[in-house]
Amino acid sequence: MEKLRIAVQKSGRLSEDSLKLLKECGIGVPAGNNQLKISTENFDAEILFLRDDDIPEYVQDGVADIGFVGENVVLEKNKETEIVERLGYGKCRLSIALPKGKKPKNIQALDGIKIATSYPIILQGWLKKNKLKADIHEISGSVEIAPRIGLADAICDLVSSGSTLFSNELYEYETILKSEAVLISGKNISKKRTALLEQLLFRIRSVKKAKYNKYVLLNAPNSSIEKICKYLPGINSPTIVPLAKEGWSSIHSVIGENDFWNVIEKIKSAGAEGILILPIEKIIE
Ligand SMILES: Nc1ncnc2c1ncn2[C@@H]1O[C@H](COP(=O)(O)OP(=O)(O)OP(=O)(O)O)[C@@H](O)[C@H]1O
Ligand SMILES: O=P(O)(O)OC[C@H]1O[C@H](OP(=O)(O)OP(=O)(O)O)[C@H](O)[C@@H]1O
Ligand SMILES: [Mg+2]
């Protein structure tokens, strides 16, 4: 029987969140064994545990059908794969960083310098777009050490909190890419596997929607319902239930994470009381 072959980073920044997302999609991975290929519970799939750098090529070659990987790796490897979903975790930036004290006036001043990086393809693309030339020195890890040991004038590496740069007396000068984890797929997947991928994507989107929304419950005098409901369109429209207290109702709806505090302030000043906010596990539309 054909199973969907899913590539996941074996051990690293994306491993835990990728397995957690699969679990939230009802695809359980038996824990506690060191196998590099495991069949999943409740879904026709196999997980292949790989180095993240190898995932785009394996997906291109059809060894895996889909893969959870950083967009930075997808762009650097430049293989024949397609990004089918952005996943919202593993957020980081690929940035050019310089030793503290070096303050070029503009990016043109970077022309001709030596830059150490594990991302030569993306860096080269950025330099070309900005009509710059630089001497790119490719290294596969511990990039932040390069300026201190005289290997390069600058580095181009991943940054999230900035603490690695700080510890190495560097600072972030220019962001050249913003990245997050993405789901990639191969271009020639069988019919059965495409159907499984569609099923997985439907579940991932339901999980994502639920994460970005909150369930809201509140009480209000009936005279305020119309005003409050303007701020709470909900998925379809809010639910209004009469309270035992004469002239009052309970309103139930959904609020997006982005304008959450804005909406709360507005409904409060419109007369809402006893507001409860609850997490949502899944949104099926
Ligand atoms: N500091 C960070 N914060 C958030 N996400 C990050 C950070 N560093 C890397 N990432 C994302 O996580 C991915 C995996 O990072 P990790 O450091 O685990 O890779 P790796 O050391 O190359 O692992 P592997 O052993 O699989 O080759 C990166 O490609 C990037 O998309
Ligand atoms: O801005 P920060 O929060 O300090 O994160 C940046 C660091 O994170 C990544 O390395 P990681 O810690 O994953 O180790 P690795 O180099 O072994 O992959 C990246 O290569 C940077 O070195
Ligand atoms: Mg790697």
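The chain holds eight helices and 15 strands. Its radius of gyration is 24 Å, well over the 19 Å that the globule rule gives for 285 residues, so the chain is more spread out than a compact globule. This is a predicted model. Along the principal axes, the C-alpha atoms fill a box of roughly 75 × 55 × 35 Å. Of the 285 residues, 29% count as buried.

**Annotated domains**

- An unreviewed UniProt entry annotates residues 51–205 as "domain: ATP phosphoribosyltransferase catalytic".
- That span is 28% helix and 30% strand. The C-alpha atoms at its ends lie 26 Å apart.
- The UniProt record, also unreviewed, lists residues 210–282 as "domain: Histidine biosynthesis HisG C-terminal".
- Residues 210–282 are 26% helix and 40% strand. Here the end C-alpha atoms lie 5 Å apart.

- Five strands form an open sheet in the order 8-7-9-6-10. The pairing is mixed.
- Strand 8 (135–138) and strand 10 (170–179) are the edge strands, and each pairs on one side only.
- On average, neighbouring strands of this sheet are turned by 30° against each other, direction ignored.
- Strand 9 pairs with strand 6 (residues 92–99) in the antiparallel sense, over five bridges.
- Arg93 has Val159, in strand 9, as its bridge partner.

**The shell around ligand 2**

- The residues surrounding ligand 2 are Arg13, Gly141, Glu144, Asp157, Leu158, Val159, Ser160, Ser161, Gly162, Ser163 and Thr164.
- Two elements give two or more residues to this shell: strand 9 (154–159) and helix 5 (163–167).
- Strand 9 gives the most, with three residues.
- By class, the shell has six polar, three charged and two nonpolar residues.
- Val159 ties two topics together. This residue belongs to the shell around ligand 2, and Val159 is also the bridge partner of Arg93.

- Strand 11 (residues 181–185) is mostly covered, with five of its five residues buried.
- In a regular strand, side chains alternate between the two faces of the sheet.
- In strand 11, Ala181, Leu183 and Ser185 point one way, while Val182 and Ile184 point the other way. Residues pointing either way are buried.
- Strand 4 (residues 66–70) runs antiparallel to strand 11, and five bridges join the two. Ile66 stands opposite Ser185 of strand 11.
- Strand 5 (residues 82–86) also runs antiparallel to strand 11, joined by four bridges. The bridge partner of Arg86 in strand 11 is Val182.

**Ile240**

- Ile240 sits in strand 13 (residues 239–242).
- This residue has 15 other C-beta atoms within 10 Å, so Ile240 counts as partly exposed.
- Ser18 and Ile240 are 222 residues apart in sequence. In space, their C-alpha atoms are 38 Å apart.

Key. Residues numbered from 1 in each chain as written. Chains lettered and ligands numbered in written order. Predicted model: local features only at pLDDT ≥ 70, side-chain atom pairs only at ≥ 80, totals over all residues. Near = placed C-beta within 6 Å. Nonpolar A, V, L, I, M, F, W, Y, C, P; charged D, E, K, R; others polar. UniProt positions renumbered as here; feature names shortened; annotations may be inferred. Pairing = 2+ DSSP bridges. Axes fitted to C-alpha atoms, helices over the stretch in contact; angles between N-to-C directions. Rg over C-alpha atoms; globule rule 2.2 N^0.38 Å. Buried ≥ 20, exposed ≤ 12 C-beta atoms within 10 Å, placed from the backbone.
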